[in-house]
Amino acid sequence: MLLSKLREALICFGAGRVTLPYPAAPREPAPGFRGKIQVDADLCFGCGGCAHVCPAGVIQVEDAAQLTRVLEFHWSRCTYCGRCEEVCPEGAIRLTSQFETATDRPQDMVIRLEVFMGPCQRCGRCFPPPTPLERMTAAGFRHGGDGGRA
Amino acid sequence: MGPRKRPSRGPGRSPGKIMDQPDAAAARLTDLLRERLGALLLVAERPQPDTLRCEVAPAGVRAAAGALAWDAGARFLITVGLDVRALGRGFAIAHLFSLDAAHLFVSLEIPVDAADARIDAITPLIPAADWAEREFRDAIGVEPDGHPDPRRLMLPDDWPDGIYPLRRDFRYNARPPAAGGRPVLADAPPGASVLPMGPFFPTLEEPSYWRLFVEGERIVGCDYRGFYNHRAIEKLGETVLGYDKLPFVAERICGICGFIHSTCACQAIEKAAGIDVPARARYIRTIMLELERVHSHLLWLGIAAHIIGFETLLMQSWRIREPIMWLSEAISGNRKTYGMNCVGGLRRDISPETAGKIRETLDPVEREMRAVRKAVVGDTTLLARTKGVGVLTKEWAERIAVVGPPARASGVAIDARLDHPYAAYPEIPPRLCVQQDGDVWARVVVRLDELEDSIRLIRGALDGMPDGPIRAEITEPIPAGRLGISVVEAPRGEAVHFVLTGDDNRAYRWRVRAPTYPNLQAVPSMIAGETIADVPITVGSLDPCFSCTERLEAVDVRSAAMRVYSRDELLALSRRRGSQGGER
């Protein structure tokens, strides 16, 4: 009994100070960490591939007007799986190493993007000025069967 | 007693127990069922090499289940309720069994007439089927005739009668109006008082409501009402999620054994679709599964110590665990819910540098874990609270079909990694850690043994990991109507996933059984005759995970008693507080 308590005490003393001085000293996450998403508005051409694959369904695509497509990332429910980053043909979405995302303003947790969509000369539906289909195919995007809209 | 080689199943089992290899076992089992059932055995086929699917007419369900469980020695896994009206049939009930020694799954499927949705309950024969039969009664609306306790299990008490959430014509986001029912509580034995434990009990972090029937300090019985944490995950898997999204949601069934559930779901789909996973991916899955076991067992050791007030052990085991969490972050990009699994393999590889880091991290974990073990095994306070407490006899463990460390601590030699080898376990077999005493202490020892073995397995997988791709190329759509049953040995026991593939790139039916599901049903047998003070550690010794067990329907249960706040009021209140910076 006594020996046991002695061993336990030794383990505790041997461990020393374990608690990190966070947040006084900031902690860098490991490389490859999947944190808050960042969307580059200049690169996005509004294909909606990210919305198609998002398991949590946090990305909403709406064609607000003839030439305007609105993408909203409600990332408060984001699960940081990184599927959007994986399929984006333009590399417009990136998972950063940012993990301190607490906020008391709900609007901080929405990224809103308005993408200008030029009408295609052939069919008149929404497409951006340079034809994206080849680029998307080259980037490995495949059409799933389920439409992705819940 | 330390870990030992797989023992023979010993005497006491039926002499006709089937222990052959899958093919021979399936043939013998088919013969046995044909002999017992005659024309009532409608179909016997092998959709997968390790699966025998038998379709049995409704009149033969008890004879078939009895032959399987009592003559062939099959272990009951779970029941799947299927609504196959869309396929031109009625309902179907599939009782899943495992012939562990023969490495064979058996699906006993019984067609049920949609106009007269009844089936003979098998619970009187196989007590382990208790909750499973109550669950399909709630979810699909098939009445188990002759069930000894046909109360609601997973639906809330105010859910309206006649609405069955897992039927295909029930929309996944429908919200039927509350009907205002009251919980149906079991009566206490005469002379006993009722002591409520829960729904929120401080040392069990999730809601579970136990009504303990006590005579003085002694427990003479109990009643359980749980399923407060439904999240509609199975329904989502059938209606909203495609195969590409399912693993990520499956991972969120459990916060601790997430990788286990995503692996299990992926394996079930891969099996159904006939996808060969590359060897490297199987090895990396093994590494992640065992890392999860290491950190889960250390976490459990701390919590168990905390329940009995041994805070030193809590602090030390969690300190030892923390580097494993950092390691997981370095491998996968997150401490938990790694997001690494996908159907066909993995999304992230382990680089040589990361492999080195894994080895570097494991050495001190192993050393310190051994030091802690050496220190606490002689601690009389710890032994006094755990030795001879919460005993689960081997007989009851087999009867309730308990899985994982609680089963192995009661001398039941089962381990999904050996019984239904998956990932890289055929190449790197784990040791079977068995104890005979069946008390809380035996469960501690089993987990401590498994901790050491997991570290050995990770090193073995790192040594044997071949080069090559980590993801199979999937070019064809996954065909509909295929069956896949997969098990994974989670730290808490065996997880079971059943997938019936469907159209539109998603499962027609996805059934999940978490290990706590059977284990919780053993609690009444474990706490009978114990004192009130031993109940938390006894329940805690199962490493219970309530929200994993409860995956079906997300509706809040409103108390039938006096209400102080409505849900909206509570939400409004908490939001207002939040916006004022957490003012008290």
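In this predicted model, 30 residues of chain B are in contact with 25 residues of chain A, contact meaning that C-beta atoms placed from the backbone lie within 7 Å.

**Conventions**
- Residues are numbered from 1 along each chain as its sequence is written, and chains are lettered from A and ligands numbered from 1 in the order in which they are written.
- Local features need pLDDT of at least 70 and side-chain atom pairs count only at pLDDT 80 or more, whereas totals for chains, interfaces and linings use all residues.

**Chain A**
- Chain A contains four helices and five strands, in the sequence pattern α-β-α-β-β-α-β-β-α; helices (H or I, at least four residues) and strands (E, at least two) are DSSP runs numbered from the N terminus.
- Of the 150 residues in chain A, 21% are buried (20 or more other C-beta atoms within 10 Å of the residue's own, with C-beta atoms placed from the backbone).
- Among contacts in chain A with a separation of 6 or more, 73% join residues 24 or more positions apart.

**Domains of chain B**
- Chain B is divided into domain 1 (22-184) and domain 2 (233-549), with bounds from an automatic or database domain assignment.
- The C-alpha centres of the two domains lie 26 Å apart, and 24 residues of domain 1 are in contact with 24 residues of domain 2.
- On the domain 1 side, E3(B) gives the largest share, six residues.
- That side of domain 1 has 14 nonpolar, five polar and five charged residues.

**A sheet in chain B**
- Three strands form an open sheet in the order E13-E14-E15 with antiparallel pairing, where pairing requires at least two DSSP bridges between two strands.
- The edge strands are E13 (483-490) and E15 (507-513) of chain B, and the twist averages 15° from one strand to the next.
- E13(B) and E14(B) (residues 493-501) pair over eight bridges, and Ser486(B) stands opposite His497(B).
- Helix H6 (residues 258-273) of chain B lies across E13 and E14, running at about 155° to E13(B); axes are lines fitted to C-alpha atoms, for helices over the stretch in contact, and angles run from 0 to 180 degrees between N-to-C directions.

Technical notes. A residue is buried if 20 or more other C-beta atoms lie within 10 Å of its own, exposed if 12 or fewer, and partly exposed in between; C-beta atoms are placed from the backbone. Two residues are in contact if their C-beta atoms, placed from the backbone, lie within 7 Å. Ala, Val, Leu, Ile, Met, Phe, Trp, Tyr, Cys and Pro count as nonpolar, Asp, Glu, Lys and Arg as charged, and the others, Gly among them, as polar.
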